[in-house]
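Please consult the display before reading on.

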Amino acid sequence: MGLLSQLATLPLAPVRGVAWVMERTLEAAENEYYDPEPIERELAELERALLAGDIDEETFDRREDALLDRLDEIRAHAQGTDT
């Protein structure tokens, strides 16, 4: 982009800045949403609760299924496919 183009589009600089911030915010939110680590931690905690007798087998199965479905969604996104 030449100097003349930069001067001509200078009034749009705030818009470009806001767009850049929104893109970075969206990127950060997606990275957090698709991070498998919290799901894996929750699965480990769920198993610990089952072994400690804090939850019953039915509750464990229901919550484990939901967490594994979420983990599948994360892995599909990482591979570039949508479920």
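Questions and answers on the helices follow.

This is a predicted model, in which local features need pLDDT of at least 70, side-chain atom pairs count only at pLDDT 80 or more, and totals for chains, interfaces and linings use all residues. Residues are numbered from 1 along each chain as its sequence is written, and side-chain values use heavy atoms, with hydrogens and water left out.

Me: Is L3 buried or exposed?
Reply: L3 is found in helix α1, residues 3–8 (helices are DSSP runs of H or I, at least four residues, numbered from the N terminus). Buried means under 20% relative accessible area, exposed over 50%, and partly exposed in between, with a 1.4 Å probe and protein chains only. With a relative accessible area of 61%, L3 is exposed.

Me: On which side of α3 do its buried residues lie?
Reply: The buried residues I39, L43, L46 and A49 belong to α3. They cover an arc of only 125° around the axis (taken from the directions from the helix axis to the C-beta atoms), so they lie on the same side of α3.

Me: Which helices do the buried residues of α4 pack against?
Reply: The buried residues of α4 are T59, F60, L67, R70, L71, I74 and A76. Contact means heavy atoms within 4.5 Å. These buried residues pack against α2 (13–33) and α3.

Me: What phi does the glycine after α4 take?
Reply: Just after α3, G53 has a positive phi of about 85°. α4 is followed by G80, whose phi is positive, near 85°.

Conventions. Helices (H or I, at least four residues) and strands (E, at least two) are DSSP runs, numbered from the N terminus.
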